[in-house]
Amino acid sequence: MSEHKSTSRPVSLLIVGAGSRGQGYAHYATAAPDRARVVGVAEPRRDRRERLALEHAIPGENVFDDWLAAAGRERFADAVLICTPDAEHEAPTLAFARQGYHILLEKPMAPTAEACRRIVGAVREAKVIFAVCHVMRYTAFTEEVKRLIAGGAVGEVVNVQHLEPVGFWHQAHSYVRGNWRKESESSSMLLAKSCHDLDWLRYVIDRPCRRVSSFGSRVHFRRENQPAGAADRCLECAVEPACPYSAKRIYLEAVRKGHTGWPVDVLTSQPTEAGVLASLATGSYGRCVYACDNDVVDHQVVNLEYDGGVAASFTMTAFSPMMGRLTRIGGTRGWMDADGTHIRLFDFMTGEWRTIDTEAGDAGILGGHGGGDGRLMAAFVKAVATGDRSLILSGPDETLESHLTVFAAEEARRTGRVLPV
């Protein structure tokens, strides 16, 4: 199949991993059926596999309970979206690259530097279009930040401060009770949650990172901090009504407000009060946050030095509301203060402020991450349809570079050293 195809037919997609991210990206085909269609799914969980197959009218021969079965077939789609757990990225990526599938890979690429290098080597050898889901690069907000910096709005960038407020209940959901709570089962917190951010800093600063230091630990979500009289499950706990991390309150409030998608759909395929309560009674999301088997950090800072002496500081914290990232950029002629949607600029010459609203906010998956999810899918699908690789902002080279920065920062945290990247 030629890389430069006609755009007269939709790009065909195989979804490997039909969890929240896989289902979400597949919605692009529903929203833009003239551009993309889902023709296959590989997912071990029957309910999620059948739901996606039904939604997209996927023929039975293209519905698999294992990615190996899909990879064992002759290529039957233009591209594959790999949305499996972090530790299960490498093997399917290598297999589908060998078959000539263009690849959209959920972040992070893989939990180790060696696996990341193997992935990059494989997609280069196969000469396929390859994009990693660093969706923050694709937002209208980021596009405007890049445009302003390139236009000299702050002069030469010298210093960047970037904050990721994970959110107290999001930390409890994903990184204490959930799938990313243990490094051995996924990856470090910095890689799982914040490779987005170190990648975004690289993109905005537009210079290679040269050295890093880092500090952080798991301070709060530990057994010794469990309140007196608390039970190990929220539904059995006398202290639960006064606990900000109560699973009962977090999930039941969501259902009562009509939120049946994430995070509720992670618990149960029956997003009702009865379904949530049944899950909390026995499932991992009903556990006390002080009685889980989590080991990832709940706060971390990373200091980064880039070419030319530009410096950045990144902070990730669980102890915040659920809110957008906050960024401050200091340059030689001005200052930028941004929240993911609004950009405030101060001009050193005039002493005046001005505000730009990028109107990027959207809670849906196609508008998720400030619109980045939908814009990523649009860019990837168009790149596959036309062969125009310039549409991919998160290709193999810079993605590998930003991942190596993450690995160096995590080693710096563990060893207490300043390390080169």
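Quick housekeeping: residues are numbered from 1 along each chain as its sequence is written, and side-chain values use heavy atoms, with hydrogens and water left out. As it's a predicted model, local features need pLDDT of at least 70 and side-chain atom pairs count only at pLDDT 80 or more, while totals for chains, interfaces and linings use all residues.

Okay, the overall picture. We've got 13 helices and 15 strands (DSSP runs numbered from the N terminus: helices are H or I with at least four residues, strands are E with at least two). The C-alpha atoms fill a box of roughly 65 × 65 × 40 Å along the principal axes.

Now the sheet. It's open, with 6 strands in the order β3-β2-β1-β4-β5-β6, paired parallel; pairing takes at least two DSSP bridges between two strands. β3 (63-64) and β6 (130-132) are at the edges with a single partner strand each, so one side of each has no neighbour in the sheet. In the β4–β5 pair, residues 79-82 run parallel to residues 102-105 over 4 bridges, and L81 has L104 as its bridge partner.

Last stop, the cavity. Counting those of 30 Å³ or more gives 1 cavity. Here a cavity is a set of points on a 1 Å grid over the protein atoms alone where a 1.4 Å probe fits but cannot get out, and lining residues have an atom within 4 Å of a point. Points join across faces, edges and corners, and volume is the space filled by probe spheres set on them. The largest cavity comes to about 110 Å³. Its lining has 15 residues, with C234, C237, E240, C243 and C288 nearest the centre.

Key
1 Å grid on protein atoms, 1.4 Å probe; cavity = no way out; pocket = protein on both sides within 12 Å on 5 of 7 lines; lining within 4 Å.
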